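What follows is a reading of a structure for someone meeting it for the first time.

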Amino acid sequence: MDIFTQQLVNGLVLGSIYALVALGYTMVYGILELINFAHGEVTMIGAMVALSVIGVLAGVAPDLPGVLVVLGGILVAIPACMLLAFGIEKIAYRPLRKAPRLAPLITAIGVSIILQNLAMLIWGRQYVSFPEILPTTKFEFLGAHISLLQIAIVVLALTIMAGLWLLVEKTRLGRAMRATAQSREVAELMGVNVDRVISATFIIGAAIAVIAGVMVSAYYGLAHYYMGFMLGLKAFSAAVLGGIGNIAGAMLGGLLLGVIEALGAGYIGDITGGFLGSHYQDVFAFFVLIGVLVFRPSGLLGERVANRA
Amino acid sequence: MNRALDGLRKRPRLTAILLAILLAALPFMMGFGLGNSWVRVLDFVLLYVLLAIGLNIVVGYAGLLDLGYIAFYALGAYLYAWLASPHFGLHLPFWLVLPIGAMLAGLFGVLLGAPTLRLRGDYLAIVTLGFGEIIRIFMNNLNAPFNLTNGPQGMNLIDPVSIAGFSFGKPLHVFGMTFPPTYFYYYLFLAFTLLAIFVALRLQDSRIGRAWAAIREDEIAAAAMGINTRNMKLLAFAMGATFGGLAGGLFAAFQGFISPESFNLWESILVLCMIVLGGMGNIPGVILGAVLLTAIPEALRYLGDFQRATLGHVAVDPADLRMLLFGVALVAMMLFRPAGLLPSRQRKREFAAEDGVAEQEQASLYDARA
């Protein structure tokens, strides 16, 4: 029971981070039908920028409470990554809107490689560690240890998801985004500035990604120029799991993937009689992903649309 | 220059002879001109051409976006290592091991293809990606409870290819010159690559190739025309995987060492970039893409010399810079030639067509709206 609750908690924390990154993938996919491969890298850049700022702040003002320092880092990183995402879309994707669908995928991969190597040049190949400035209070709950950080991550993630939900459902911009996702041409005819909506989508996704990136680095205590790759891969899997293009699906998929992964890693040894160990965690996630897609090809919450005729 | 090209086009036999001489002399030209390390690059170019041709069958011909292609390459390589290295004490000859590896990979192609038949577009991409990762993670971890893959350390001392008692493993000394094994492998790889090109070209216009094109453009219409879409898709997966497995076996013999590191997702993506960049579905384009993307990173190794010559010192480590420039090149080439450097005739037509029509046509390629 202890292991179960502990892994469930760990899974939920990890899952809410996946979900936040997955939102960026799914929003862009919903509108452009493009796998924005560079999104994981934007997350990484966000974490790196924030960590640099946090490092400077913690050095200059050691008396400042840790939460404020982290907040400062995030506040600097968000505009930086918004600008980055805006630029990526403008330079690498917009000219290719009418090109075959695989062309922007290749530029996305190219941008991904560029960002990764830029980060390596700027921050080096080593792990950048997260300064220990956040409170490390722990609670006991049903036999599991829960840290304040974990609670903060889940609560913040849920708040952001709710905020995004409101944005998409209740505001003018949200309505424009939904209209663009349904049909770019018709939205344009109705007076929606499609280019601006697409830019906004990238920018919002980047802002959320920064927060997710800082969460990951705070949770694991480090950041690395390569961290965006696996995170992006998992997040994209989560988005597909939930039904890509569907915002609620991305949230569900992220949480589910996190929990499955954590429980899988915790129990895989017992299930297979010690044959497979916890380093098969990633395999577990992908097996579940394949299983779900085989039985429900459009994802959990994806709409079942009749085949294009 | 143009007149010379026209002249060649009118004399296909002369062109073929000139090309054959060029291909036969290439390693010597490279070896004496640029150094023996470039012969090794040449070998890798051929391996990647082989891989790209295989993936092109799946992606370019049949329109199934496969992001886990490298898994088949890995299977071919590991099978070669199991059957021809001290790991299990087996030393079977390569002409036996290669076909077994290719067949195993083909079998896995069908195994992967079967459950994914209903998936389309990007869903298929993510499932194949997952499959590739699963294979890699297993290779990484199957050193316990029994040692199958030797884990992250990989397997070494793999037998080199040997034909009629002549081992490719040792350099050859003739006429006072030394030729490293890379020369022999060049001709071996060239033979396999030419075979693959021949098969791929013949497939393209065959009944099967036309069925694949029909599925790619509109699966429902293809089914309505009486094409067995299930079998045809499985065949595409199997054929592509077979080429991948073959290339993997050659790679293992050539390197003498394999580890899971060589088979990560980036390799799959790299091969995909080759075919998209070169011109999907078009064999000359695919070859060009493979040549460029293998040669560019190698050529960028000279960045260090370049910096020394211009700045007087090495400001940025060329190893760090070259992947960056590779990314820039990828983006730039795609922005200027979105249909690839050498698009197939059909895609060129789609681009030349009126905007609206072209858009509609292209939407059908790799459409994910399931």
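Leaving aside residues up to four places away in sequence, B:G106 touches B:A238, B:A241, B:T242 and B:G245. The model in which these contacts are found is a predicted one, and every value below is computed from it. B:G106 belongs to helix 5 of chain B, which covers residues 94-113, and the C-alpha atom of B:G106 lies 4.4 Å from that of B:A238, although 132 residues separate the two along the chain. Is B:G106 buried or exposed? B:G106 counts as buried, because it has 24 C-beta neighbours inside 10 Å, where 20 or more are needed.

**Chain B**

A residue elsewhere in chain B gives a contrasting picture. B:N147 sits in the loop that runs between helix 6 (121-141) and strand 3 (155-156) of chain B, and B:N147 is exposed, since 12 other C-beta atoms lie within 10 Å of its own and a residue with 12 or fewer is placed in that class.

Taken as a whole, chain B contains 16 helices and 8 strands, and 47% of its 370 residues count as buried. If one considers the contacts in chain B between residues at least 6 apart in sequence, 72% of them join residues at least 24 apart. The domain assignment divides chain B into domain 1, residues 1-35, and domain 2, residues 36-364. Where these two parts meet, 7 residues of domain 1 of chain B are in contact with 8 residues of domain 2 of chain B, and on the domain 1 side the touching residues comprise 5 nonpolar, 2 polar and no charged.

| Helix pair in chain A | Axis distance | Angle |
|---|---|---|
| Helix 1 (residues 2-32) and helix 5 (residues 148-170) | within 9 Å | roughly 35 degrees |
| Helix 1 and helix 9 (residues 227-242) | 8 Å | about 70 degrees |
| Helix 3 (residues 66-93) and helix 4 (residues 102-123) | within 10 Å | roughly 135 degrees |

The axes of helix 1 and helix 5 of chain A come within 9 Å and cross at roughly 35 degrees, and the crossing is left-handed. Residues of helix 1 of chain A that make this contact include A:V9, A:L12, A:L20 and A:L23, while those of helix 5 of chain A include A:I153, A:V154, A:L158 and A:L164. By class, the residues of this contact are 14 nonpolar, 2 polar and no charged.

Helix 1 of chain A also packs against helix 9 of chain A at an angle of about 70 degrees, and the two helices are therefore roughly perpendicular to each other. Among the residues in this contact are A:Y18, A:A22 and A:Y25 of helix 1 of chain A, together with A:L231, A:K234 and A:F236 of helix 9 of chain A. Here the division is 10 nonpolar, 2 polar and 1 charged.

Helix 3 and helix 4 of chain A have axes that cross at roughly 135 degrees, which makes helix 3 oblique to helix 4, and their crossing is right-handed. In this contact A:I88, A:A92 and A:Y93 of helix 3 of chain A meet A:P104, A:T107, A:A108 and A:V111 of helix 4 of chain A, a group with 6 nonpolar, 1 polar and no charged residues.

**Two residues of chain A**

A:I247 is placed in helix 10 of chain A, which spans residues 247-271, and A:I247 is buried, with 24 other C-beta atoms within 10 Å. Not counting residues up to four places away in sequence, A:I247 touches A:L23, A:T26, A:M27, A:L164, A:W165 and A:V168. The C-alpha atom of A:I247 is separated by 9.5 Å from that of A:A19, a residue 228 places away along the chain.

A:E33, by contrast, is found in the loop between helix 1 and helix 2 (39-60) of chain A. Most residues other than glycine have a negative phi, whereas A:E33 has a phi near 55 degrees, a positive value. With 19 other C-beta atoms within 10 Å, A:E33 is partly exposed.

How values were computed. Residues are numbered from 1 along each chain as its sequence is written. Chains are lettered from A and ligands numbered from 1 in the order in which they are written. This is a predicted model: local features need pLDDT of at least 70, side-chain atom pairs count only at pLDDT 80 or more; totals for chains, interfaces and linings use all residues. Axes are lines fitted to C-alpha atoms, for helices over the stretch in contact, and angles run from 0 to 180 degrees between N-to-C directions. Helices (H or I, at least four residues) and strands (E, at least two) are DSSP runs, numbered from the N terminus. Angles under 35 degrees count as roughly parallel, over 145 as roughly antiparallel, 65 to 115 as roughly perpendicular and the rest as oblique. A crossing is left-handed if the near helix is turned anticlockwise from the far one by less than a right angle, and right-handed if clockwise. Ala, Val, Leu, Ile, Met, Phe, Trp, Tyr, Cys and Pro count as nonpolar, Asp, Glu, Lys and Arg as charged, and the others, Gly among them, as polar. Domain bounds come from an automatic or database domain assignment.
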